[in-house]
Amino acid sequence: MNTTRILVMSSLLFAAMSGSAFAHVTLVNGTAKPESYTVVQLQVPHGCAGKPTNEVRVTLPEGFYGAKPQPKAGWELEIIKGDYAKPYDNHGTKVSSGPVEIRWKNGNLPDDNYDVFAIQGKIAGVADGASLAFKTIQVCGDATERWDEVAAPGIDPHSLKDPAPLLKIAGEKPADEMDHSAMGHGAMNHDAMGQAAATDAAAPAMKPVKLGALSLSAGYLKAMLPGQPVGGGYVTIANGGAEADRLVSASTPRSGTVELHEMSMNGDVMVMRPLANGIEIPAGAAVELKPGGLHLMFMKVKTPFAKGDTVPVTFVFEKAGTVEVEMPVAAAGPAGHQHN
Ligand SMILES: [Cu+2]
């Protein structure tokens, strides 16, 4: 065999390998430390045979608990809860149930685009050197792509046609486990995650604002941690008029977009969805946007909201028109550090 032939063969081999690596759903970072908080980032590189991806479902493995998905602009979020195979010990508290499956739904990721779907959680009881499989299903209308094959012992995962994304557990257990409060909980601190909290009491007062028959009061935003891209906001809107009005949209120079969201429980399933038609404010009634229910979701926040900041938020109503409100930022408080 001469040198030229070897070169040709190895470059063909390289092309084949990189091709298959790009075709699969994989993790941005495939390793995590034992007993650590980690963020699993699934990268979805293409749709289903040319069709755009509308839904991404991830089954969470045992050994990864307390999962909190990152909300994504334009996608509904569904968190399916269930019992864990065995309870986890979280600083002395037994955790026997929690999220077992995450679904990002009703989005649109074109085949020629790429996106990342992130879930934070705690690794527990997984042996050093073992791998956790995050079985994933991509749904594209009526077509699906499944990434749910797990290699049997002794079989090379690379030989699988549709391998589940794997997270390898390796290395030293973090010395200071308490660090997670700084890196993690806040990063996914979304009300949809059941962190509805006693922040109201801690919130500084917002100056009530009148706009026609409407009055806006008790508004505040939740403080965010560095690196956190998504923030929540709340306000009470009262309608003293004889006609219903509708909150159509909100915006602020501090974030890329503001979505109007609703969070609700459907049995064991927690659903957070953008409200395309806005929020109705019935005549003679008050609608409260609050943790665990209706809320403002600030996407792509440029600089995280910090306690003490005042953020100008513009509200647009169907009938009453537009008003800018100075909203104070309250501490994330206990909500930002709740273990559940
Ligand atoms: Cu939301």
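Q: Is Thr53 buried or exposed, and why?
A: A residue is buried if 20 or more other C-beta atoms lie within 10 Å of its own, exposed if 12 or fewer, and partly exposed in between, with C-beta atoms placed from the backbone. Thr53 is buried because 25 other C-beta atoms lie within 10 Å. This is a predicted model: local features need pLDDT of at least 70, side-chain atom pairs count only at pLDDT 80 or more, and totals for chains, interfaces and linings use all residues. Residues are numbered from 1 along each chain as its sequence is written.

Q: Where is Thr53 placed?
A: Helices (H or I, at least four residues) and strands (E, at least two) are DSSP runs, numbered from the N terminus. Thr53 is in the loop between strand 3 (37-44) and strand 4 (55-59).

Q: Which residues is Thr53 in contact with, leaving aside neighbours within four places in sequence?
A: Contact means C-beta atoms, placed from the backbone, within 7 Å. For Thr53 the list is Val44, Gly47, Leu109, Gln138 and Cys140. The C-alpha atoms of Thr53 and Asn108 are separated by 5.8 Å, though 55 residues apart along the chain.

Q: In which sense do strand 6 and strand 7 pair?
A: Strands of a sheet pair through backbone hydrogen bonds, either parallel or antiparallel. Two strands pair if DSSP finds at least two bridges between them. Strand 6 (residues 76-90) and strand 7 (residues 93-105) are antiparallel over 11 bridges. Asp89 stands opposite Lys94 in strand 7. The two strands form a hairpin with two residues between them. His91 in the turn has a positive phi of about 50°.

How values were computed. Contact = placed C-beta atoms within 7 Å.
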